[in-house]
Every structure is written in C-alpha cells, then in structure tokens.
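Thanks for coming. I will keep this short and go through one structure, piece by piece. Please have a look at it before I start.

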Amino acid sequence: MAVNRYQAHLVVYLEDKPYREIMNRVKTLTYINPNVLDVKPPAGGWPKVFETLSENVKLLDANQHMHVLLLMDFDNDYSARKQRLQGITDNRSCAERVFMLGIDDKESEDLKQTLGQSNNEAIARTLLSDCPNNTNQTWHNRHLQCNLGELQRMRDKGVFTWLFSK
C-alpha cells in the first residue's frame, strides 16, 4: 500500500540490504504504522543515498508532509556524514524534515555483534523497543550514541507521534 502523500509520511533511503532487512521488520512491529512508511530499495552505498536525497530535495521542499530518513553506515566518521547532509539541506525549507541514522562502524552487519543479535529483524525490534518514550538504552552503545540527537530531533518534530501509532 502506498503512503498518503497528503499526510505526514516517512520516505526511507537505505544504504544496503541489511538496512532493508531491518526496515522489513520495522514495518511488521505492532506499534509501528506501516502506512506512513515508504521504504525505497537499497541505494548501493552511502554516497548514493546522498545522491538520491539530492535528486529528490526539490520534491521534499514542495511537500510539507514528506519526511526523509537516511539509513547508512558512518564508517567511524559520523561528523563527515552529518556535514555532507547539511551541505545538501542547508538553507532549504525541508532541512528540519530530513534525518540520518546509522551505525558509527564500518558495516551495518556490525550491529549484530554490537547488539548481540543473530539477525537484522531482531535488531529492528531491539532498536525500536521503547524508542518513542526515550527509555531505550540500546542507543547509548558507543556505535549508536551518535544517533541520540537525531532521535530527539525526530521526537521533537512529532515524527514519533504518527510513526508509532496504528
């Protein structure tokens, strides 16, 4: 089912297949509204995620209900990825509706070891448990704590209100 473009929705641009597996599980969680998620196919690398965002930034500017989440590996250089994102969104009306989450390690596959989970579906459940209430300590892991500001920003912008409702 396609998202309603006239209501708040989240378009997700993924770096690779492991993030796709995580998002497939996210959409099945009972406390997630799958009708507001538009998960795109894996881009094939973090540079292509930014390229996809750049190609769609005018559409995002024009659609106040559209929010974007970039899921990617930060390769131990979160600040460089954040700077690249800001270079694309600075001085644009959509800047407050673009979010970036990921692991500050080399590969998304490293999440399995980091979180002690055997598959990406279990990782999704672990990462989203109690996320809207800000009681999930999993995000305080050294490879994930760089996301805390973005999660708070998503919370402050009301994304969790419509994402975590059915």
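Which residues does Asn120 touch, not counting residues up to four places away in sequence? The contacts are Pro18, Glu21, Ile22, Glu109 and Lys112. Before I go further, a reminder that this is a predicted model. As for where Asn120 is placed, the residue belongs to helix H5, which covers residues 120-128. Asn120 has a relative accessible area of 1%, and the cut-off for buried is under 20%, so Asn120 counts as buried.

Next, the sheet. The sheet is open and has four strands, in the order E2-E1-E3-E4, with parallel pairing. Which strands stand at the edges? They are E2, residues 37-39, and E4, residues 98-103. Each of these has a single partner strand, so one side of E2 and one side of E4 have no neighbour in the sheet. Between neighbouring strands of this sheet the average turn is 20°, with direction ignored.

One pairing in more detail. E3 takes in residues 66-73, and its parallel pairing with E4 runs over six bridges. Opposite Met72 you will find Gly102, which is in E4.

Now the aromatic residues. How many aromatic pairs does the structure hold? There are four, and I will take two of them. In the pair of Phe74 and Tyr78, the ring centres are 4.9 Å apart and the planes are at 75°. Why is this pair called edge-to-face? The cut-off is planes over 60 degrees apart, and 75° is past that, so the pair qualifies. Phe74 has a relative accessibility of 0% and counts as buried. Tyr78 is at 17%, which is still under 20%, so Tyr78 counts as buried too.

The second pair is Phe160 with Phe164, also edge-to-face, with 5.1 Å from centre to centre and 80° between the planes. Are these two buried or exposed? Phe160 is buried at a relative accessible area of 7%, and Phe164 is buried at 15%. Phe160 and Phe164 also belong to one aromatic cluster together with Tyr31.

Last item, a charge and a ring. Which ring does the charged end of Arg81 sit over? It is the ring of Trp46, and the charged end of Arg81 is 3.6 Å from the centre of that ring.

To go back over the main points: Asn120 is buried and lies in helix H5, the four-strand sheet is parallel and open, and Arg81 has its charged end over Trp46. That is all from me.

Technical notes:
Residues are numbered from 1 along each chain as its sequence is written. This is a predicted model: local features need pLDDT of at least 70, side-chain atom pairs count only at pLDDT 80 or more; totals for chains, interfaces and linings use all residues. Side-chain values use heavy atoms; hydrogens and water are left out. Helices (H or I, at least four residues) and strands (E, at least two) are DSSP runs, numbered from the N terminus. Buried means under 20% relative accessible area, exposed over 50%, partly exposed in between (1.4 Å probe, protein chains only). Contact means heavy atoms within 4.5 Å. Two strands pair if DSSP finds at least two bridges between them. Axes are lines fitted to C-alpha atoms, for helices over the stretch in contact, and angles run from 0 to 180 degrees between N-to-C directions. Rings of Phe, Tyr and Trp (its six-membered ring) pair if their centres lie within 6.5 Å; planes under 30 degrees apart count as stacked, over 60 as edge-to-face and the rest as tilted. A charge sits over a ring if NZ of Lys or CZ of Arg is within 6 Å of the ring centre and within 35 degrees of the ring normal.
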